[in-house]
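This report covers selected features of the model shown below. It starts with a few charged side chains and then turns to the chains and their contact.

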Amino acid sequence: MDKIWLIAQREYLTRVRKKSFLIMTLIAPLIMAGFIIVPLMLSQVSESKKVVAVADAGNIFAGELPNDPDNEIRYVAAASTNLETAKAAFRKSKNAALLYIPRYDVNNPVGFQIFARENLSLPMQVNMERMLNRKIEAARMRQAGLDKEVLDKIKADVDLQTVNLSDSGETASSTGITTMIAYVAAFLIYFFIFLYGVQIMRGVIEEKTNRIVEVMISSVKPFQLMMGKVMGIAAVGLTQLLLWIVLSTAVTTGLASVFGAEKVVAARTGQLNQATVDTDNSAAASAAVAPADAPAPKKLSGAAKFQQEFSKGLDGLNIPLILASFLFYFLGGYLFYGALFGAIGSAVDNETDSQQFMMPITMPLILTIVIAQSVIIRDPNGSVAFWMSMIPFTSPIAMMMRIPFGAVPVWQLLLSMGLLIAGFVFTIWLAGRIYRVGILMYGKKVNYRELSRWMFYKG
Amino acid sequence: MNHILQAIDVHKAYAAHVALNGVSLDIPERSIFGLLGPNGAGKTSLIRIITQITGADSGEIRFRGERLNPSHIAQIGYLPEERGLYKKMRVGEQLLYLARLKGLSKADATQRIKQWIDRLGLRDWVEKNVEDLSKGMQQKVQFIATVLHEPSLIILDEPFSGFDPINANLIKDEILALRDQGATIIFSTHRMESVEELCDNIALINRSRKVLDGPVSQIKDTFKTNTYEVEGKGRLMVIHPDFEVLEHKERENGHFYDRIKLHHNTTPNDLLRYLIGNVEVHAFREQIPSINEIFIRRVQETMPETLETANALL
């Protein structure tokens with residue numbers, strides 16, 4: 001055990017002290033910050049509102065110019081309601097467009113015109129058309145004797161609030177937030193297994209090509225050497241994850257103070273998962289998560305609504321369970337696959353030869369992440385989700401997709417964890433058998449039959 | 001005589017071939033032991049069993065009378081044929097790491113590293129990465145790593161093949177010093193002449209079997225052929241039933257070179273007396289077979305069918 005600890009220590013320190021580790025650790029949050037900053041900057045650049053002059057000869061607005069709900073257009077009164085005079089004034093002005101409302105018949109509104117120097121964008125045109133339609137509809141209703149206020153009362157706007165019914169009672173939840181957390185957790189595990197599994201493989205190959213391996217295994221058992229490496233690299237991964245969380249929190253906070261918290265959060269959540277940000281939420285919540293209060297009786301909109309949903313969403317989730325199981329599947333999945341990557345490294349002389357053995361390892365991983373995104377996310381408690389969250393090859397990712405949605409029965413969770421533990425004990429044992437023969441084998445092209453023979457070699 | 005290591009009827013087979021076929025060895029304490037034989041004879045397999053990298057299929061290894069077990073690892077130092085170090089690690093850290101894996105405490109290891117570093121002139125390189133060192137210096141580092149934990153049994157596989165002549169001599173002296181301090185050294189090599197004068201005992205291995213072992217002096221005695229080389233001046237005409245001329249060369253100015261074999265319990269003095277009566281003797285010496293020659297003769301006697309391959313490999 002001492003020796004495993006010594007080996008893990010060396011693996012950890014040499015990797016953490018590498019320049020590439022430092023660069024990766026610093027750059028990843030910056031790249032993430034870049035993903036946030038660039039869209040923000042772009043949105044600020046295009047944010048200058050288009051000024052549209054309105055020559056309201058038909059008196060559709062009755063002197064009260066409309067506000068654009070999308071905040072893209074600012075309406076101003078034209079110099080005159082007379083078209084020719086207004087046009088002349090428009091030519092001299094810097095306004096983007098001139099909207100001309102003729103005297104019109106409510107039942108047959110024709111003759112509305114827009115004058116612009118360049119072609120207007122389609123959204124802007126649609127925007128103005130919709131605004132005019134509403135005005136005319138309102139006028140027609142008045143004509144038909146309907147009161148606008150009555151109509152507004154009739155209009156319905158339903159938001160479904162998700163409530164999970166389980167043995168522990170009712171918990172309000174938010175599908176958006178849950179989905180986001182499921183995605184983030186599953187993808188982190190996926191990347192971690194890949195990035196650090198390959199690092200184990202490279203480390204083993206490096207020891208082989210450096211020819212240090214024979215010196216090493218005259219002091220330690222091959223199994224100790226492999227386990228030390230697997231554990232040391234796991235610690236590197238956890239360190240990097242932790243630093244990323246700390247750094248990106250710092251960067252986001254820094255950005256928030258520059259650009260304003262609401263936009264940063266909006267941009268961030270928008271990236272993490274578009275599903276969480278529906279069109280109403282384009283101006284989303286502030287960073288601070290307010291304690292959840294009782295569901296507001298009145299309809300909320302925009303930022304407040306998102307904020308409430310976010311806090312309510314978090315409130316409805318079993319955060320300790322999610323964190324604990326994330327850590328478990330994060331490490332379990334890594335150990336399961338990491339040992340196999342180590343075995344591959346021992347069987348080949350250089351990285352190019354490793355391709356043929358990588359295939360069977362990477363396939364289940366890629367398959368899981370694909371199926372997780374399409375099938376499991378839609379039906380987290382279906383039979384595909386169930387089986388995939390049991391099989392150790394797929395369970396680390398599949399189970400993390402399910403857990404945030406709750407309602408994973410305890411027996412399933414325990415069975416899945418038990419199987420994963422049994423799984424990585426088995427892969428580590430298997431890898432150890434291959435490893436101890438492989439690391440002393442040079443210049444031999446190995447195939448699967450050869451590998452299977454190694455497993456039954458006597459010590 | 002105490003034995004530090006005994007191998008008793010060791011067998012080891014791999015999928016395709018037999019590496020060791022009933023090999024038994026006795027290696028005395030405080031000696032230099034040569035494990036000799038052509039490439040592929042089974043030397044490295046035997047060493048890997050002694051260093052517990054692999055296990056024997058059958059047979060037993062005893063270390064100071066005990067059955068070999070993991071507690072002996074700390075008492076064995078091994079320099080493999082394939083040399084290697086972590087290239088991106090500093091010299092000092094690397095030595096510390098390897099020493100601690102052998103069970104040394106950090107304080108002990110640090111102190112011994114300092115001594116060895118000074119002794120082999122590596123002081124200025126301790127903080128450098130191994131890859132920045134010349135090959136000769138890397139070899140010194142590797143040697144230090146082998147002996148740092150003061151093992152009582154040091155196994156050197158092809159010890160001089162990687163070293164340049166200056167380093168080889170340096171290492172030779174260090175090895176002799178270690179032997180004098182009480183360590184036992186095993187040399188394993190296919191270049192028999194390179195260790196001949198260093199070894200006290202040898203074992204010859206060919207085709208997974210031991211063909212010969214024992215103290216070098218005794219082996220040489222056994223394989224002596226009672227043949228003497230004579231150089232001198234005059235006309236040498238040997239007509240004597242006890243002396244057989246194997247080779248006769250005439251040289252300029254009446255000089256000659258002869259190889260003469262003695263028969264019927266005659267002594268070299270008898271030959272000398274006979275020669276002095278006939279010619280002027282300039283040189284007279286016994287022809288002693290080299291280990292190489294002994295090996296070939298032994299293989300010829302015991303396994304004539306493998307001679308060709310053995311010769312080709314030597």
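B:Asp180 is exposed, because its relative accessible area is 54% and the exposed class begins over 50%. The model is predicted, and the values below are computed from it.

**Salt bridges within the chains**

B:Asp180 is paired with B:Arg179 in a salt bridge, with 3.4 Å between the closest N and O atoms. B:Arg179 also forms a salt bridge with B:Asp200, where the closest N and O atoms are 3.3 Å apart. B:Arg179 belongs to helix α5 (residues 165-180) of chain B, whereas B:Asp200 sits in the loop between β8 (184-189) and β9 (201-206), so this pair ties together parts that are 21 residues apart in sequence. B:Asp200 is partly exposed, with a relative accessible area of 31%.

In chain A, salt bridges with shared partners join A:Arg10, A:Glu11, A:Arg15, A:Glu207 and A:Lys229 into one network. Within this group, the side chains of A:Glu207 and A:Lys229 meet in a salt bridge at 3.3 Å, N to O. A:Glu207 lies in helix α6 (residues 175-210) and A:Lys229 in helix α8 (residues 222-259), so the pair ties together parts of chain A that are 22 residues apart in sequence. Are the two partners buried or exposed? A:Glu207 is buried, with a relative accessible area of 1%. A:Lys229 also counts as buried, at 1% relative accessibility. The cut-off for a buried residue is under 20%.

A search of the whole structure finds 28 salt bridges over all chains. The table lists four of them.

| Residue | Partner | N to O distance |
|---|---|---|
| B:Arg179 | B:Asp180 | 3.4 Å |
| B:Arg179 | B:Asp200 | 3.3 Å |
| A:Glu207 | A:Lys229 | 3.3 Å |
| A:Arg17 | B:Glu93 | 3.2 Å |

**Contact between chain A and chain B**

How many residues does each chain bring to the contact? Chain B supplies 27 residues and chain A supplies 23 residues. The area buried between the two chains is about 2,500 Å², and carbon and sulfur atoms give 57% of it. On the side of chain B, the residues that lose the most area to chain A are B:Tyr86, B:Tyr97 and B:Leu101, which together account for 27% of what that side buries.

The rule finds two salt bridges across this interface. One of them joins the side chains of A:Arg17 and B:Glu93, at 3.2 Å from N to O. Helix α2 (residues 91-101) of chain B provides six residues, the largest share of the side of chain B that touches chain A. By class, that side has 12 nonpolar, six polar and nine charged residues.

**Chain B as a whole**

Chain B has nine helices and 14 strands. Of its 314 residues, 49% are buried. Among the contacts in chain B with a separation of 6 or more, 67% are between residues 24 or more positions apart. The chain exposes about 14,800 Å², of which carbon and sulfur atoms supply 47%.

Two arginines in loops of chain B have backbone angles worth noting. B:Arg30 has a phi near 55°, a positive value in a residue other than glycine. B:Arg30 is placed in the loop between β2 (18-28) and β3 (32-36), and B:Arg30 is partly exposed, with a relative accessible area of 49%. B:Arg64 likewise has a positive phi, near 50°, and is not a glycine. The loop that holds B:Arg64 runs between β4 (58-63) and β5 (66-67). B:Arg64 is partly exposed, with a relative accessible area of 40%.

**A buried leucine in chain A**

A:Leu241 lies in helix α8 of chain A. Its relative accessible area is 13%, so A:Leu241 is buried. Which residues does A:Leu241 touch, not counting residues up to four places away in sequence? The partners are A:Leu188, A:Phe326 and A:Phe330. A:Leu188 is 53 residues from A:Leu241 along the chain, and the C-alpha atoms of the two are separated by 9.0 Å.

How values were computed:
Residues are numbered from 1 along each chain as its sequence is written. Chains are lettered from A and ligands numbered from 1 in the order in which they are written. This is a predicted model: local features need pLDDT of at least 70, side-chain atom pairs count only at pLDDT 80 or more; totals for chains, interfaces and linings use all residues. Side-chain values use heavy atoms; hydrogens and water are left out. Contact means heavy atoms within 4.5 Å. Buried area is the accessible area (1.4 Å probe) that two parts lose on being put together, summed over both. A salt bridge is a side-chain nitrogen of Lys or Arg within 4 Å of a carboxyl oxygen of Asp or Glu. Helices (H or I, at least four residues) and strands (E, at least two) are DSSP runs, numbered from the N terminus. Ala, Val, Leu, Ile, Met, Phe, Trp, Tyr, Cys and Pro count as nonpolar, Asp, Glu, Lys and Arg as charged, and the others, Gly among them, as polar. Buried means under 20% relative accessible area, exposed over 50%, partly exposed in between (1.4 Å probe, protein chains only). Accessible areas come from the Shrake-Rupley method with a 1.4 Å probe; for residues, only the protein chains shown count as cover.
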